[in-house]
Amino acid sequence: PPPPPPPPPPKPPPPPPPPGPPAAPAIELLSASPCPFAQKPRILLAELALPHTVTEISLYSGPKPAWFLDANPAGQVPVLLLHDGAPKPQVVPESDAI
């Protein structure tokens, strides 16, 4: 009998996918649930279906964290942080500006 045929050569890997749009910045909302001004950006982000995280800041239990005061020296909420890969995030500290 004749020898078996050799196995087929391996298939080449698929080409890489085409580059897509740049990734959107990660959105972090610094907020306090009881604050009515902080509710506006929560509603906006939900209505626009933008992925985001919410970090609660206590308004009444002692001093605010230093990292929060670095983002907004006024110590008020809401603050929107746009993490776009830069060393420091872009900071939007007013509900009307958000």
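Tutor: Start with a definition. Rings of Phe, Tyr and Trp (its six-membered ring) pair if their centres lie within 6.5 Å; planes under 30 degrees apart count as stacked, over 60 as edge-to-face, and the rest as tilted. This is a predicted model, so local features need pLDDT of at least 70 and side-chain atom pairs count only at pLDDT 80 or more, while totals for chains, interfaces and linings use all residues. Residues are numbered from 1 along each chain as its sequence is written, and side-chain values use heavy atoms, with hydrogens and water left out.

Student: How many aromatic pairs does this rule give?

Tutor: Apply the ring rule to the model. The count comes to 1 aromatic pair.

Student: Which kind of aromatic pair do Trp67 and Phe68 form?

Tutor: Their ring centres are 6.4 Å apart. The planes stand at 80° to each other.

Student: Is Phe68 buried or exposed?

Tutor: Buried means under 20% relative accessible area, exposed over 50%, and partly exposed in between (1.4 Å probe, protein chains only). Trp67 is partly exposed at 44%. Phe68 has a relative accessible area of 0%, so Phe68 is buried.

Student: Which residue in S2 is the bridge partner of Ile27?

Tutor: Look across from Ile27 to strand S2. The bridge partner there is His52.

Student: What is the handedness of the β-α-β crossover from S1 to S2?

Tutor: Point the strands away from you. If the path from the first strand over the helix to the second runs clockwise, the crossover is right-handed. Here the chain goes from S1 through H1 to S2. This crossover is right-handed.

Student: In which sense do S1 and S3 pair?

Tutor: S1 and S3 share 5 bridges. Ala26, for one, has His83 as its bridge partner in S3. The sense is antiparallel.

Student: How many residues of S3 are buried?

Tutor: S3 has 5 residues. The strand is largely enclosed by the rest of the structure, because the buried ones number 4 of the 5.

Student: Which residue in S4 stands opposite Leu81?

Tutor: S3 and S4 run antiparallel, joined by 3 bridges. Their hairpin has 6 residues between the strands, and Gly85 takes a positive phi near 95° there. Opposite Leu81 stands Val91.

Student: How many salt bridges are there?

Tutor: A salt bridge puts a side-chain nitrogen of Lys or Arg within 4 Å of a carboxyl oxygen of Asp or Glu. By this rule the salt bridges number 2.

Student: How many residues apart in sequence are Asp96 and Lys40?

Tutor: Their side chains meet in a salt bridge of 2.7 Å, N to O. Asp96 lies in the segment after strand S4 (90–92) and Lys40 in helix H1, so the bridge ties together parts that are separated in sequence by 56 residues.

Student: Which residue forms a salt bridge with Glu56?

Tutor: The closest N and O atoms are 2.1 Å apart. Glu56 lies in strand S2 and its partner in helix H1, so the pair ties together parts 14 residues apart in sequence. Glu56 is partly exposed at 42%. The partner is Arg42.

Student: What phi does Ala49 have?

Tutor: Most residues other than glycine have a negative phi. Ala49 lies in the loop between H1 and S2, and is exposed at 62%. Although not a glycine, Ala49 has a positive phi of about 55°.

Student: Which residue is joined to Val77 by a cis peptide bond?

Tutor: Most peptide bonds are trans. In this bond, omega is about 5°. The partner of Val77 is Pro78.

Student: What is the area of the patch made by Leu44, Leu48 and Leu50?

Tutor: Patches take residues with over 30% relative accessible area and no salt bridge; like charges are joined within 9 Å, nonpolar side chains (Val, Leu, Ile, Met, Phe, Trp, Tyr) within 5 Å. Areas come from the Shrake-Rupley method with a 1.4 Å probe, and for residues only the protein chains shown count as cover. Leu48 sits in the loop between helix H1 (36–47) and strand S2 (52–56). The nonpolar patch has an area of about 240 Å².

Note on methods. Helices (H or I, at least four residues) and strands (E, at least two) are DSSP runs, numbered from the N terminus. Two strands pair if DSSP finds at least two bridges between them.
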